[in-house]
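Colleague: I am new to reading models like this one, and I would like to understand the words used to describe it. Could you take me through them slowly?

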Amino acid sequence: MNEKSNPIVVALDGKSWEEILPIVSALSTTGCILKVNDLLFLEGIGRLLPRLSAYGSVMADLKCHDIPNTVGNTVKRLRACPPWAVTVHASAGEEALKQAVKALEGTPTKVLAITVLTSIDEKTCGEIYCRPPMDQVLALASIAKRAGVHGFVCSPEEVGKLKELYPGMEFVIPGIRSPGKNTNDQRRIATPKAAMEAGATKLVMGRQILDAPDPVGEVNRVLKEELAIDINV
Ligand code: C5P
């Protein structure tokens, strides 16, 4: 099974290389994309990306948010082992996003613009951005589209509207929980099925999978039981 038929991106959060090794090794036949964030800080891009890429496509969730020159410098570090995608905050602005796109020219890496984090609810969104999540996501997505990004990270609540406006882009959606699972700090959430029906191209799932007694079993269960994806393809 490869990542074309499997939309799940597994967030390998809060674990060491030794802890994720048995998980990524077991996941390598499923076609899940492997998303890393804090582990990149511990291991370094140069060490982690080549090792992790042996087990599947990698999403380097750097969530860059800085001045254009710094974003460009950071993203350029990925050129030695280009991952499937990298994330940059759309709120860093059009020029910073353009620098990220430019830094990866000639590589297959997609630049994904982070819009409003899925942990942010309506009230917090008002405090930070003075706008409800949908309006803020649309405003940030329009900036990101002008900058030439390849996709967006938004919540399941906004993906339908964004897909209507920007068909053909990558829509990577966190805040995904199966019915009845612990939602933790996520606020704008949906089930895997609802998010796919709303237009997601990829589903980011972290704790539900990593905290399961059998992470690979949980991936396969979600694919088969909730998404009706034939895991033997
Ligand atoms: O464990 P859980 O499934 O909630 O993990 C979601 C992952 O998606 C985390 O790694 C988090 O950093 C990431 N993410 C998010 N919201 C965004 C962008 C990324 O939750 N808008």
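Modeller: Let us begin with Lys35, which touches Val9, Val10, Ala11, Leu12, Asp13, Met59, Asp61, Lys63 and Val204, leaving out residues up to four places away in sequence. Please keep in mind throughout that this is a predicted model.

Colleague: Why is Lys35 called buried?

Modeller: Lys35 has a relative accessible area of 6%, and the word buried is used for values under 20%, so Lys35 counts as buried. Lys35 belongs to strand S2, which covers residues 33-36.

Colleague: What makes the pair Lys35 and Asp61 a polar contact?

Modeller: The side chains of Lys35 and Asp61 are joined at 2.5 Å, and a polar contact requires a pair of N or O atoms within 3.5 Å, so this pair meets the distance limit.

Colleague: Which residues are closest to the ligand?

Modeller: The ligand is surrounded by 16 residues, and the closest are Asp13, Lys35, Thr118, Gly206 and Arg207. For Lys35, a polar side-chain atom lies 2.7 Å from an oxygen atom of the ligand. With Gly206 it is a polar backbone atom that is 2.7 Å from a ligand oxygen, and with Arg207 a backbone N or O atom lies 2.7 Å from an oxygen atom of the ligand. Taken alone, the ligand exposes 470 Å², of which the protein buries 90%.

Colleague: What makes S4 and S5 a pair?

Modeller: Strand S4 (residues 85-89) and strand S5 (residues 110-114) run parallel and are joined by five bridges, while at least two bridges are required for a pair, so S4 and S5 count as paired.

Colleague: Why is S5 described as mostly covered?

Modeller: Four of the five residues of S5 are buried, and buried stands for a relative accessible area under 20%, so the description of S5 as mostly covered follows from that count.

Colleague: Is Glu170 buried or exposed?

Modeller: Glu170 has a relative accessible area of 13%, and since the limit for buried is under 20%, Glu170 is called buried. Glu170 is found in strand S7, residues 170-173, and its side chain makes a polar contact of 3.4 Å with the side chain of Lys110. Leaving out residues up to four places away in sequence, Glu170 touches several residues, among them Trp84, Leu112, His150 and Phe152.

Colleague: Why does Lys63 count as partly exposed?

Modeller: The relative accessibility of Lys63 is 28%, and partly exposed is the word for values between the limits of under 20% for buried and over 50% for exposed, so Lys63 falls into the class in between. Lys63 sits in strand S3, and its phi is positive, at about 45°, although Lys63 is not a glycine.

Colleague: What makes Cys130 an exposed residue?

Modeller: Cys130 has 66% relative accessibility, and exposed means over 50%, so Cys130 is counted as exposed. Cys130 is in the loop between helix H6 (122-129) and helix H7 (133-147), and its phi is near 60°, a positive value in a residue other than glycine.

Colleague: Where is Arg77 found, and why is Arg77 called exposed?

Modeller: Arg77 lies in the loop between H4 and S4, and its 61% relative accessibility is over the 50% limit, so the word exposed applies to Arg77.

Colleague: Which class does Ala198 belong to, and what does Ala198 touch?

Modeller: Ala198, in helix H9 (residues 192-198), has a relative accessible area of 26%, and this lies between the limits of 20% and 50%, so Ala198 is partly exposed. Setting aside neighbours within four places in sequence, Ala198 is in contact with Pro156, Val159 and Gly160.

Terms used
Residues numbered from 1 in each chain as written. Predicted model: local features only at pLDDT ≥ 70, side-chain atom pairs only at ≥ 80, totals over all residues. Heavy atoms only, no water. Helix = DSSP H or I, 4+ residues; strand = E, 2+ residues; numbered from the N terminus. Near = heavy atom within 4 Å. Polar contact = N/O pair within 3.5 Å; in protein donor to acceptor, adjacent residues only side chain to side chain. Areas by Shrake-Rupley, 256 points an atom, 1.4 Å probe, with all protein chains shown as cover. Buried < 20%, exposed > 50% of the residue type's maximum accessible area, 1.4 Å probe, protein only. Contact = heavy atoms within 4.5 Å.
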